[in-house]
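Subject: Structure for your files

Hello,

Here is the structure I said I would send. My notes on it follow below.

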Amino acid sequence: MIIPFLKGLGKTLEQCFRKPITIRYPEEKREVSERFRGHPRLLTDPQGRPLCVACCLCATVCPSFAITIEAATDGMHQKYPRRFVVDLARCIYCGFCEEACPKAAIKLNRRYELAQYDRNLLIYDKEQLLKSD
Ligand code: SF4
Ligand code: SF4
């Protein structure tokens with residue numbers, strides 16, 4: 001009777017001195033892997049202008065139709081996205097948009113805390129995509 005009890009107690013004490021494998025989320029955040037795919041964001045050149053030329057390749061390859069682009073041209077006949085929207089509720093974080101972009105203008109970031117109470121808040125416009133790190 002006493003032997004199994006002592007064995008159980010020993011196991012309990014053993015766990016008390018082990019390094020915990022869990023963390024106190026959300027106070028502590030775990031580093032994500034190098035290969036982790038967060039949500040798409042738009043990149044800019046050193047002058048802060050979007051690299052995107054509104055070719056729509058990313059929207060074409062997107063398997064979940066999460067990207068909507070409205071192209072426009074500036075005074076120099078350069079195309080740019082007047083409107084660029086990504087619906088993160090549709091996005092499956094596959095990274096196809098990043099692979100397809102000829103200008104390296106869209107890249108998946110490493111954010112994973114995206115939960116919202118309102119799905120409309122998961123529809124990111126150009127400004128949000130440009131400023132999300
Ligand atoms: S990561 Fe995949 S699903 Fe999300 S916007 Fe890019 S191509 Fe579409
Ligand atoms: S593929 Fe790249 S350059 Fe073309 S619309 Fe998408 S983000 Fe812009």
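The largest cavity has a volume of about 80 Å³ in this predicted model. Of the 14 residues lining the largest cavity, Pro40, Cys62, Cys91, Cys94 and Cys97 are the closest to its centre. A cavity here is a set of points, on a 1 Å grid over the protein atoms alone, where a 1.4 Å probe fits but cannot get out, and lining residues have an atom within 4 Å of a point. Grid points are joined across faces, edges and corners, and a volume is the space filled by probe spheres set on the points. By class, the lining of the largest cavity comprises 12 nonpolar, 2 polar and no charged residues. Ala, Val, Leu, Ile, Met, Phe, Trp, Tyr, Cys and Pro count as nonpolar, Asp, Glu, Lys and Arg as charged, and the others, Gly among them, as polar.

Ligand 1 sits in the largest cavity (more than half of its atoms lie within 2 Å of the grid points). The residues around ligand 1 are Pro40, Cys62, Pro63, Ser64, Ile67, Cys91, Ile92, Tyr93, Cys94, Gly95, Phe96 and Cys97, each with a heavy atom within 4 Å of it. This shell divides into 10 nonpolar, 2 polar and no charged residues.

The search of the whole structure gives 2 cavities of 30 Å³ or more. The second largest cavity holds about 60 Å³ of space, and ligand 2 sits in it. Its lining has 11 nonpolar residues, no polar ones and 1 charged; Lys103 is one of the lining residues, as are Leu42, Ala105 and Ile106. The shell around ligand 2 is made up of 12 nonpolar residues, with no polar and no charged ones. Among them are Cys52, Cys55, Cys56, Cys58 and Cys101, along with Ile69, Phe84 and Pro102.

As for the backbone, Tyr25 and Pro26 are joined by a cis peptide bond with an omega of about 10°. Pro26 belongs to the loop between α1 (2-16) and β1 (40-42). Helices (H or I, at least four residues) and strands (E, at least two) are DSSP runs, numbered from the N terminus.

Phe65 is not a glycine, yet its phi is positive, at about 50°. Phe65 is in the loop between α2 (57-61) and β2 (67-73), and it counts as exposed because its relative accessibility is 64%. Ala104, also not a glycine, has a positive phi of about 50° and lies in the loop between α3 (96-100) and β4 (106-108). Ala104 counts as partly exposed because its relative accessibility is 48%. The classes are buried under 20% relative accessible area, exposed over 50% and partly exposed in between, with a 1.4 Å probe and protein chains only.

An open sheet is formed by 3 strands in the order β2-β3-β5, with antiparallel pairing. Its edge strands are β2 and β5 (123-124), each pairing on one side only. Strands β2 and β3 (residues 79-87) are joined by 7 bridges, and Thr73 has Lys79 in β3 as its bridge partner. Two strands pair if DSSP finds at least two bridges between them.

Residues are numbered from 1 along each chain as its sequence is written, while chains are lettered from A and ligands numbered from 1 in the order in which they are written. Because the model is predicted, local features need pLDDT of at least 70 and side-chain atom pairs count only at pLDDT 80 or more, whereas totals for chains, interfaces and linings use all residues; side-chain values use heavy atoms, with hydrogens and water left out.

Regards

Terms used. On a 1 Å grid over the protein atoms alone, a cavity is a set of points where a 1.4 Å probe fits but cannot get out, and a pocket is an open set with protein on both sides within 12 Å along at least five of seven lines; lining residues have an atom within 4 Å of a point.
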